[in-house]
Amino acid sequence: MVVRIWGCRGSLATPGPETLRYGGNTSCVEVECDDGTRVILDAGTGIRVLGRGLAGNRSGPIHLCLTHLHLDHIEGIGFFAPIFDPQTEMHIWGPASTVRSLDERLARYLSAPLFPVELRDLPATFVFHDVEDEPWEIGGARFEAAPISHPGATLGYRIEADGASIAYLPDHEPAVGVELDNLTSDWVSGFGLAQGVDLLIHDAQYTDAEYLEHVGWGHSSVSQALSFGAMTGVGRLLLFHHDPLHSDDELDAHQARAHELWRGSGAPPELAFEGMERRI
């Protein structure tokens, strides 16, 4: 599998001179398998540039897996070029709701007065899937999803293909205000999804001091993300969902702090940046 980062900023897109190296686009990750299967994880503003490359240059349906429907994870859908192509078949996977269907919830954004084109008027063919408890397959990849700790219905994903595995938990607070070292695995959100994966992409929005002011907001500190990665035994940890207030220089400091704290058995953690590509 190849993993490409198109957006890794959390909460709000932050273009500008202080975010050039890590990027200011919100969450969007592309996973491409050796058999050509391509899946997109989340549709933050980073999906716009990805869509320009895919327009008129693909075969087969497009699969988009949404972790949740907060705006920073869906706001790029309306600017994703393939949805304006009548030849596009687009499958969108997301958390189930007992109140509204997935397309009805997305249409609340892709409709007046928030967006000039109604979801139902877009020329692409859409197929919506409520993610269930059982694993499923897309091409040659096996998917598993489960609810994780974040405000609102939120999923984490585990993908296995080509003899490798990744977990994607971009908005996640594995334990609310409690040290992970004091808990057994059954009390830690997302443990089963991340356990033993080759690559974990995980929320690390806050410094430790910032986290104390944001307990229960559904995001992790750098040290909390590292503790989670160590206890789940992941091979590599990619820190994600950078705070919109953090400049490139501040994120460099996060990277240094992550290396200082890392006690896992795999490679030292990295901070995600736009344009990053990793083969797993």
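This is a predicted model: local features need pLDDT of at least 70, side-chain atom pairs count only at pLDDT 80 or more; totals for chains, interfaces and linings use all residues.
First, the ground rules. Residues are numbered from 1 along each chain as its sequence is written, and side-chain values use heavy atoms, without hydrogens and water. Local features need pLDDT of at least 70, side-chain atom pairs count only at pLDDT 80 or more, and totals for chains, interfaces and linings use all residues.

Strands here are DSSP runs of E, at least two residues, and helices are runs of H or I, at least four, numbered from the N terminus. Pairing takes at least two DSSP bridges between two strands. Strand β5 (residues 89–94) joins β6 in the parallel sense, over six bridges. Within that pair, tryptophan 93 has histidine 129 of β6 as its bridge partner.

Now the other open sheet. Again seven strands, ordered β7-β8-β9-β10-β11-β12-β13, pairing mixed. Its edges are β7 (136–138) and β13 (270–271). β8 (residues 141–147) and β9 (residues 155–161) are antiparallel, joined by six bridges. Arginine 142 is partnered by glutamate 160 in β9.

Last, two helices. α6 (residues 222–232) and α7 (residues 248–261) pack at about 40°, axes 10 Å apart. Axes are lines fitted to C-alpha atoms, for helices over the stretch in contact, and angles run from 0 to 180 degrees between N-to-C directions. Which residues meet? Val222, Ser223 and Leu226 of α6 meet His254, Ala258 and Leu261 of α7, contact being heavy atoms within 4.5 Å.
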